[in-house]
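Please find below a colleague's note on the structure under review.

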Amino acid sequence: MPENEPWEYSLYIPNDPRAVTVCRRTLRLILTMHGLIRLVDLAELLATELVSNAVRHTKGPAALRVRWSGAGVLRLGAWDADPSPPEPPQPFDRALEREGGRGLAMVRACADVWGWQPLAREGNRGKYVWCELGTAPAPASRTA
């Protein structure tokens, strides 16, 4: 599949801390298979923070969504069943002093943009917290 075609994956997970590792490894595989290895390290970090928050701060199932726009934007998001808004992130320098609560500060510091939205579908309620990474196109190979 060419890099300029959009695609999307969703991984539904139970409320289990081990699911965070499953999401991280699955994300690495997805990005590698789509030729986006240059995004893996940062995307893993951000997805880990989003999914960890969903698992740690809610009681129900969660999901990781990975979407490539085809135009150089990768969106990572975590859905959970709790409609309460996430705690607003503190500036990163202040978050470093705290024991917890650094996740969204890290997302805000490392992602190009982030946000959240409440969700209601088929009687289920929850929220979707997401971030985006923009990329430059892969360098073209030169032939001599």
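1. Basis of the model. The model is predicted, so local features need pLDDT of at least 70 and side-chain atom pairs count only at pLDDT 80 or more, while totals for chains, interfaces and linings use all residues. Residues are numbered from 1 along each chain as its sequence is written, and side-chain values use heavy atoms, with hydrogens and water left out.

2. Overall composition. The protein chain has four helices and five strands; helices (H or I, at least four residues) and strands (E, at least two) are DSSP runs, numbered from the N terminus. From the N terminus on, the order of elements is β-α-α-β-β-α-α-β-β. Of the 144 residues, 41% count as buried, where buried means under 20% relative accessible area, exposed over 50%, and partly exposed in between (1.4 Å probe, protein chains only).

3. Contacts and surface. Among contacts between residues at least 6 apart in sequence, 62% join residues at least 24 apart; a contact means heavy atoms within 4.5 Å. The protein chain exposes about 8,700 Å², of which carbon and sulfur atoms supply 54%. Accessible areas come from the Shrake-Rupley method with a 1.4 Å probe, and for residues only the protein chains shown count as cover.

4. The sheet. Five strands form an open sheet in the order E1-E2-E3-E5-E4, with antiparallel pairing; two strands pair if DSSP finds at least two bridges between them. Strand E1 (7-13) and strand E4 (113-121) stand at the edges with a single partner strand each, so one side of each is left without a neighbour in the sheet. On average, neighbouring strands are turned by 20 degrees against each other, direction ignored. Helix H1 (residues 18-33) lies across E1, E2 and E3 and runs at about 165 degrees to E1. Axes here are lines fitted to C-alpha atoms, for helices over the stretch in contact, and angles run from 0 to 180 degrees between N-to-C directions.

5. Strand E3 and its partners. Six of the eight residues of E3 are buried, so this strand is largely enclosed by the rest of the structure. E2 and E3 pair in the antiparallel sense over seven bridges; among them, Ala63 is partnered by Trp79 of E3 and Val66 by Leu76 of E3. These two strands form a hairpin with four residues between them, and Gly70 in the turn has a positive phi of about 85 degrees. Eight bridges join E3 to E5, again antiparallel, and the bridge partner of Val73 in E5 is Gly134.

6. How many salt bridges does the count give? The count comes to six, a salt bridge being a side-chain nitrogen of Lys or Arg within 4 Å of a carboxyl oxygen of Asp or Glu. Arg75 is buried at 16% relative accessibility, as is Glu132 at 19%. Lys127 and Asp80 form another salt bridge (3.0 Å, N to O). Lys127 lies in strand E5 and Asp80 in strand E3, so the pair ties together parts that are 47 residues apart in sequence. Lys127 is buried at 6% relative accessibility, and Asp80 is buried at 4%.

7. Other salt bridges. Salt bridges that share partners join Arg28, Asp41 and Glu44 into one network. Arg18 forms a salt bridge with Asp16, the closest N and O atoms being 2.7 Å apart. Arg18 is exposed at 62% relative accessibility, whereas Asp16 is buried at 18%.

8. Thr58. Is Thr58 buried or exposed? Thr58 is buried, with a relative accessible area of 9%, and is found in the loop between helix H2 (40-57) and strand E2 (62-68). Not counting residues up to four places away in sequence, Thr58 touches Asn15, Asn53, Asp80, Asp82 and Lys127.

9. His57. This residue is found in helix H2 and counts as exposed at 53% relative accessibility. His57 and Asp82 are 25 residues apart in sequence and 8.6 Å apart in space, C-alpha to C-alpha.
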